[in-house]
Amino acid sequence: MAVLTRRALMWRALGLSATPLLATLGRRAFAQPAEPQVVKLVAQRFRYTPGEIRVQAGRPVVLEFTSVDFVHGFSMPDLNVRADLPPGVVTRVLLNAQRPGAYELLCDNFCGDSHEEMHGRMIVEA
Ligand code: CUA
């Protein structure tokens with residue numbers, strides 16, 4: 001308390017108000033992060049739907065997977081993320097791609113004859 005009072009007196013002595021400064025600092029220190037973009041995908045032998053998604057660089061993204069028939073995998077090697085996608089539940093994967101470009105996503109759990117063809121693309125836009 002004594003410290004705060006002394007500080008307030010010092011500001012007053014300098015003819016300054018702390019309020020605008022604190023407001024400025026507050027905006028910088030407590031800036032709200034961007035709302036995550038939520039993208040829903042369905043995993044089903046042997047594809048993801050949609051097969052291509054678009055997100056913005058630097059904005060957090062939540063991929064919401066629902067598998068309808070099998071424990072598919074989700075892997076995005078370039079971003080070093082993967083998850084199992086068990087059927088009947090929503091599996092959420094949080095991403096934050098900083099660099100624009102095209103990133104492959106693929107199934108990495110063997111799910112049948114055409115497993116190797118189960119892949120999609122995420123376009124990260126600047
Ligand atoms: Cu789906 Cu492998």
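With a relative accessibility of 0%, Phe-65 counts as buried, a label given to residues under 20% relative accessible area, whereas exposed means over 50% and partly exposed lies in between (1.4 Å probe, protein chains only). The structure is a predicted model, in which local features need pLDDT of at least 70 and side-chain atom pairs count only at pLDDT 80 or more, while totals for chains, interfaces and linings use all residues. Residues are numbered from 1 along each chain as its sequence is written, and side-chain values use heavy atoms, with hydrogens and water left out.

A search of the whole structure finds two aromatic pairs, and in one of them Phe-65 and Phe-74 are tilted, at 4.7 Å centre to centre and 40° between the planes. Here rings of Phe, Tyr and Trp (its six-membered ring) pair if their centres lie within 6.5 Å, and planes under 30 degrees apart count as stacked, over 60 as edge-to-face and the rest as tilted. Ring pairs link Tyr-48, Phe-65 and Phe-74 into a cluster.

Leaving out residues up to four places away in sequence, Leu-95 touches Arg-59, Pro-60, Val-61, Leu-63, Met-76, Leu-79, Val-81 and Met-122, where contact means heavy atoms within 4.5 Å.

The protein has two helices and nine strands, and along the sequence they follow the pattern α-α-β-β-β-β-β-β-β-β-β. Both kinds of element are DSSP runs numbered from the N terminus, helices being H or I with at least four residues and strands E with at least two. Strand β3 (residues 52-56) has a covered face made of Ile-53 and Val-55, and an uncovered one with Glu-52, Arg-54 and Gln-56. Five bridges join β3 to β9 (residues 119-125), and the two strands run parallel; strands pair if DSSP finds at least two bridges between them. Within this pairing, Glu-52 has Arg-121 as its bridge partner, and Val-55 stands opposite Val-124. Strand β9 is also joined to β8 by six bridges, here in antiparallel fashion, with Tyr-103 opposite Met-122.

Two histidines remain to be described. His-72 lies in strand β5 (residues 72-76) and, at 0% relative accessibility, counts as buried. The side chain of His-72 makes a polar contact of 2.8 Å with the side chain of Asp-69; the term covers a pair of N or O atoms within 3.5 Å, where within protein one must be able to donate a hydrogen and the other to accept it, and residues adjacent in sequence count only if both atoms are side-chain atoms. His-115 is found in the loop between β8 (101-106) and β9 and is buried too, at 9% relative accessibility. Apart from neighbours within four places in sequence, His-115 is in contact with Phe-46, Cys-107, Asp-108, Asn-109 and Phe-110.
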